[in-house]
Amino acid sequence: QVQFVESGGGLVQPGGSLRLSCATSGSPFTIRAMGWYRRLPGKQRELVASISSGGGTTTYSDSVKGRFTISRDNAKKTVYLQMNNLKPEDTAVYYCNQVVNTRTTWGQGTQVTVSS
């Protein structure tokens with residue numbers, strides 16, 4: 001069984017940048033469409049970006065479009081989320097998961113805090 005492990009979060013000032021990584025561990029490895037989700041304080045998880053299995057198609061929520069970029073390196077079994085011009089409203093725990101047949105068991109996630 002594969003697992004997704006998020007990393008790269010931290011504390012940044014408004015306007016700063018972070019790059020999140022979602023590494024795949026375990027076996028067997030299957031290339032799937034992946035998404036980055038976030039859970040804002042007091043809110044349910046929401047999908048902020050997704051990428052097709054081959055990386056050719058991406059989607060973004062309106063709130064992050066133009067600021068975030070999702071990418072993947074299948075050779076490294078890793079999905080990335082480049083986050084630029086961060087805003088306090090982006091403060092959340094960020095998770096990665098399959099877009100299709102999304103797993104009901106979520107990983108630990110990585111905390112992103114944007115504050116001055």
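Predicted model: local features only at pLDDT ≥ 70, side-chain atom pairs only at ≥ 80, totals over all residues.

Reply:
**Around Cys96**

Let's begin with Cys96, which counts as buried because its relative accessibility is 3%. Buried means under 20% relative accessible area, exposed means over 50%, and partly exposed covers what lies in between, using a 1.4 Å probe and protein chains only. Residues are numbered from 1 along each chain as its sequence is written, and side-chain values use heavy atoms, with hydrogens and water left out.

Cys96 is found in strand E9. Strands (E, at least two residues) and helices (H or I, at least four) are DSSP runs, numbered from the N terminus. What does Cys96 join up with? Its partner is Cys22, and the two form a disulfide with an S to S distance of 2.0 Å; the term stands for a pair of cysteine sulfur atoms within 2.5 Å. A search of the whole structure finds one disulfide. The link brings together distant parts of the chain, since Cys22 sits in strand E3 (residues 18-25) and Cys96 in strand E9, 74 residues apart. The torsion about the S-S bond of Cys22 and Cys96 is about 75°, so this disulfide is right-handed. Cys22 is buried, as is Cys96.

Strand E3 belongs to an open sheet of four strands with antiparallel pairing, in the order E1-E3-E8-E7. Two strands pair if DSSP finds at least two bridges between them. Strands of a sheet pair through backbone hydrogen bonds, in either a parallel or an antiparallel way. Strand E1 (3-7) and E7 stand at the edges with a single partner strand each, so one side of each has no neighbour in the sheet. From one strand to the next the twist averages 15°; here axes are lines fitted to C-alpha atoms, for helices over the stretch in contact, and angles run from 0 to 180 degrees between N-to-C directions. Five bridges connect E1 and E3 in the antiparallel sense, and the bridge partner of Glu6 in E3 is Cys22. Cys96 also has a contact to show: its C-alpha atom and that of Val5, 91 residues apart along the chain, are separated by 7.9 Å.

E2 and strand E10 (residues 110-114) run parallel, joined by three bridges, and Gly10 stands opposite Val112 in E10.

Side chains of opposite charge can pair when their charged atoms come close. A salt bridge is a side-chain nitrogen of Lys or Arg within 4 Å of a carboxyl oxygen of Asp or Glu, and by this rule there are three. Arg38 meets Asp90 in one of them, at 3.0 Å from N to O. That pair also spans distant parts of the chain, with Arg38 in strand E4 (residues 34-39) and Asp90 in the loop between strand E8 (78-83) and strand E9 (92-98), 52 residues apart. Asp90 forms a salt bridge with Arg67 too, the closest N and O atoms being 2.7 Å apart. Arg67 lies in the loop between strand E6 (58-60) and strand E7 (68-73), 23 residues from Asp90. Both Asp90 and Arg67 are buried. Arg38 also meets Glu46, at 2.9 Å from N to O. Arg38 counts as buried because its relative accessible area is 3%, whereas Glu46 is partly exposed at 30%. Together, Arg38, Glu46, Arg67 and Asp90 are linked in a network of salt bridges.
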